[in-house]
Amino acid sequence: MKRPRFLPDNFTLAMIATVIAASFFPCHGQGEIIFNNVTHVAVSLLFFLHGAKLSREAVIAGITHWRLHLLVMLCTFALFPLLGLLLKPVLTPLVTPDLYLGILFLCMLPSTVQSSIAFTAAARGNVPAAICSASASNLFGIFLTPVLVGLLTSAQMAGGSPLDSALQIALQLLLPFIAGQIARRWIGGWVERNKALTRLVDQGSILLVVYTAFSEAVGQGLWHDVSWATLAGLMVVNALLLGLVMFISAQAARRLGFNREDRIAIVFCGSKKSLASGVPMAKVLFAGGALGAVVLPLMLFHQLQLMVCAVLAQRYAKEVD
């Protein structure tokens, strides 16, 4: 049967099903411990495979575009947080304080890797630069995100300094990535030939993290505090943030004299936020806090950025064709 056009993609449907399952059948007690351990292993395996898949040649080819990478970093770690703070008078009437904390956390996260590269390629942009820029954003984010969270939301952080949080995140994300890079010479070809495995681990680890996070949030009364009107307000906030960053990054890239291929990479890498990195970071930085409310803005933003960027990539590609 032909798939109805109005249906979302399979991953989106799986994520919706995961949230529903966590809402009605949350894990607790010994089950929660088991799920947390399995999730930790799955996330570490995901970053190991990313390390094994990333070509050193592609990184070297992209490093020469240092101006492009600098602009992407500024959009990711300076423009987003600045907008989150400046728009607080507009955002707070639309969402609860815990959801606003989640929006600020979203603003401090690194860019995505896979979707940034995929959309840049689909739009006929500078793919090597996108690979380097998105990967560097994730590596720097392991240290920058905890520091930014510590500076801007220190009252809501879990116990421990931003440095301690960065070290915990590095152990879970950076160490497996480095191990994957070291193992690339032996398993890199196999990983490239089995891309479905990376996608399965990628999506599976995110679903596990979402399930454990929402199980904890349901126990804290998440759905008693979040109404349909609040969810609608959250979507408006996400759309506002995404639209502003895309517009500002595109205008900055044009005024700084970047060519068309570079501008595409800047828009796609500079406007995205990583769900794969963000949810494990939230579990470390906000352990024992309102985790579900912190993660919810990121989940909605993730779906919104995919839909908007898919349309934008098609538009860019048609211009070339």
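User: Which residues does threonine 18 touch, not counting residues up to four places away in sequence?
Analyst: This is a predicted model, where local features need pLDDT of at least 70, side-chain atom pairs count only at pLDDT 80 or more, and totals for chains, interfaces and linings use all residues. Residues are numbered from 1 along each chain as its sequence is written, and side-chain values use heavy atoms, with hydrogens and water left out. Contact means heavy atoms within 4.5 Å. Leaving out residues up to four places away in sequence, threonine 18 touches Leu207, Val210 and Tyr211.

User: Is threonine 18 buried or exposed?
Analyst: Threonine 18 sits in helix α1 (residues 10-24); helices are DSSP runs of H or I, at least four residues, numbered from the N terminus. Buried means under 20% relative accessible area, exposed over 50%, and partly exposed in between, with a 1.4 Å probe and protein chains only. Because its relative accessibility is 13%, threonine 18 counts as buried.

User: Which helix gives the most to the lining of the largest pocket?
Analyst: Lining residues have an atom within 4 Å of a point of the pocket, which is an open set on a 1 Å grid over the protein atoms alone, where a 1.4 Å probe fits, with protein on both sides within 12 Å along at least five of seven lines. Helices that each supply at least two lining residues include α2 (30-53) and α9 (162-193). With six residues, the helix that gives the most is α10.
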